[in-house]
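User: I would like to learn how to read a model like this one. Please take me through it feature by feature.

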Amino acid sequence: MAQPDGKKIFFENLSGAGKAIAVLTSGGDAQGMNAAVRAVVRMGLYVGAKVYFIHEGYQGMVDGGENIKEATWESVSSMLQVGGTVIGSARCKEFRSHEGRLKAAHNLVQRGITNLCVIGGDGSLTGANLFREEWSGLLGELAEQGLIDADAVQMYSALHIVGMVGSIDNDFCGTDMTIGTDSALHRIIEVVDAIMTTAQSHQRTFVLEVMGRHCGYLALVSALACGADWVLIPEMPPEDGWEDKMCEKLSANRAGMKRLNIIIVAEGAIDRNNAPITTDYVKDLVVKCLGFDTRVTILGHVQRGGTPSAFDRILASRMGVEAVLALLETTANTPACVVSLCGNQSVRLPLMECVQMTQEVQRAMDGRRFEEAVKLRGRSFENNLKTYKLLAHRKPESELPVSNFNVAVLNVGAPAAGMNAAVRSAVRVGISEGHKMFAVSDGFEGFYKGQIKEIKWADVGGWTGQGGSLLGTKRTLPAKHIDKIAEQMRKHNINALLIVGGFEAFESLLQLYEARSAYEELCIPMCMLPATISNNVPGTDLSIGADTALNAIVETCDRIKQSASGTKRRVFIIETMGGYCGYLASVGGLAAGADAAYIYEEPFDIRDLQANVEHLTEKMKTSIQRGLVLRNENCNENYTTDFIYQLYSEEGRGVFDSRKNVLGHMQQGGAPSPFDRNFGTKISAKAMQWISKKLLETFRHDEGRVFANTEESCCLLGMRRRALVFQPVVQLKDETDFVHRIPKEQWWLKLRPLMKILAKYKTTFDVSDSGQLEHVVRNRPKESDASVAM
């Protein structure tokens, strides 16, 4: 298949020939570790290196023998969707001693291993760095004892370390997301959504304990994702007298016709005096003060279990490949690094800088410097906390600023999971800023028909976890009805507009901008939030709803592949949605372990199809039992899903049989994923703050009205690499292919070679964008607001 444009570098330039790489998982397990192990093994083999598994973490390294085994391509098959770590993880006291590390060094040298890829938390990575620093001394001791010769000391003189952080707590400074965090959030939100239905039935209060002994990330983000009434985390203990404030809030919510209360407590939650706050204490408090029927649920190790989410599989696969690249490029003077995620980009950071900052957080908490601890956690954590406070705690009317501005919010285009979270966030932030918020039903069709009504704080309660669009959404564009829309704006005195939607929303905003010269009513601040499962909106790397759709695709692919277990060899042809945009097929293919993904952006012909069939036939004969091929619905008008299915059936005859499946609208339905809930919530809050700022800037006091007609007052808020950026829609026209409704350049095309490499294809790979060694900065620039991770 054709490759996307860009600087291509063949791997011969980064050969691993003669190198030996070992991969181990250490400390607590996390979903996605297997995806990282698979990526390290296959990428290592791809570049010509020998790759070894070290079973049972550092214990296996110390014990040696059968614990250190050479890995093959087939040995990591069918592990992408498995939770935990199949190579085992164990805490090892012996490795903490000098004698233990001496044994470990001997075991590695015997196999010629001088490159270590360590997947674990800060303790595991600190241990790896100490091992690296002592390496030459350890080799000297082994030579003195006659266990290795002088040639071995010379040949294996340096140990290279690259770390990947596997931890569900997301407690490691320097990365927006650690492997396993998103999957743990999935487990929490699944439980919370289930509990909410029973709590509502009985008008109960539920107190939930989630993991996080030293870090409140899971508690905070799950509270944000489910709209919890109260959250208790170790980094920001509640003010003295919090018990009365919490009970007042719970009572007020019940008085406002809310039938349930959810309180989320991190297991390490403390008060201002560093005394623990337990779930039982909170339960007894609610029962004693309010008399509410209250239950406690401790989620425990459920959060560590289960299959990894699409996000964790992609993150771990990208990090695993990046780790191998880092090991190939390292020199004797390169410090041990950790592969991290910043925004939507892989970065390499000095391992010990990250570890030291992580330890600083704990020191700040021990010293009761809680504001400092929150800042040290990073801008992403800080923004989550600010957004939660903004949305969960309503100020009394007397404390709200009075702006006298009316802001309308509407959904446009196809529904996408996470739209309702974005609307809820917009309404509540708008009210907090003193605006009067208006909801428009059924997009621009409802707008010109006058389906506009004021929406209050309580009206959006419980919206975060709802799929689809509760406001209603249509694909109607405004151009044909622009005069009626202007009339409705005049009638309701709309001063600003927030549009949540996909490509139709983008086109709508362009039409409104272009109609400003004829209609002064449209000279107001306007902002669009990208929300579409297709992820085909220009000006943004990610759209609200795409993550939920990816998870639906990956879960279905897992089940479809499992349906063939124990049967003869079988290939599944799966059709995904996306219009002409191949994002779902490509990234879904990477997350599901597909052998090929056919998309419009990468033209293919019958020779490519034939080569794919032959490649799969060869693999089927030697190793794998099941194959997976994804096809974007509009990738080619002639090579349809039926055609590809029939081609594979005919050409694979005698080796494998084929089945086809069209996923259809199941990709659009379902409850939003934690990522989409939080991404929608956070970018919507940011958009409303931008609107408030623009309203003040463009208000003409002498005329008593808002007048905004510049390009900068009509923007799309999108995520670009590491940054959340407001971009004038008119400037995005040149970046857009309007015929096929896709951006002209799409970042995820760079991920396609990863999928091919992990499926055993020989291909080129663009390493020009691979992570470069950077330094940890205490307060990252505003780019970290983007936090792909939430």
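Analyst: We will go through confidence, then a sheet, then a pocket.

User: How far does the predictor's confidence go in this protein, and where is the pLDDT below 50?

Analyst: Where pLDDT is low, the predicted coordinates should not be read in detail. This is a predicted model, with a mean pLDDT of 91 and 95% of its residues at 70 or more. Over residues 1-12 the pLDDT is below 50, although the model gives that stretch 33 contacts beyond near neighbours in sequence. Residues 779-790 also stay under 50, with 52 contacts beyond four places in sequence.

User: How does strand S5 join strand S10, and what lies across them?

Analyst: S5 (residues 160-165) and S10 (residues 337-342) run parallel and are joined by 3 bridges. Met164 has Val339 in S10 as its bridge partner.

User: Which residues lie nearest the centre of the largest pocket, and which element gives the most to its lining?

Analyst: For a pocket, take its volume, then its lining. The largest pocket holds about 1600 Å³ of space. Of its 49 lining residues, Asp229, Lys249, Asn253, Ala392 and His393 lie nearest the centre. H13 gives the most, with 7 residues. By class, the lining has 21 nonpolar, 12 polar and 16 charged residues.

Terms used:
Residues are numbered from 1 along each chain as its sequence is written. This is a predicted model: local features need pLDDT of at least 70, side-chain atom pairs count only at pLDDT 80 or more; totals for chains, interfaces and linings use all residues. Side-chain values use heavy atoms; hydrogens and water are left out. Two strands pair if DSSP finds at least two bridges between them. Helices (H or I, at least four residues) and strands (E, at least two) are DSSP runs, numbered from the N terminus. pLDDT is the predictor's confidence in each residue, from 0 to 100. Contact means heavy atoms within 4.5 Å. On a 1 Å grid over the protein atoms alone, a cavity is a set of points where a 1.4 Å probe fits but cannot get out, and a pocket is an open set with protein on both sides within 12 Å along at least five of seven lines; lining residues have an atom within 4 Å of a point. Grid points are joined across faces, edges and corners, and a volume is the space filled by probe spheres set on the points. Ala, Val, Leu, Ile, Met, Phe, Trp, Tyr, Cys and Pro count as nonpolar, Asp, Glu, Lys and Arg as charged, and the others, Gly among them, as polar.
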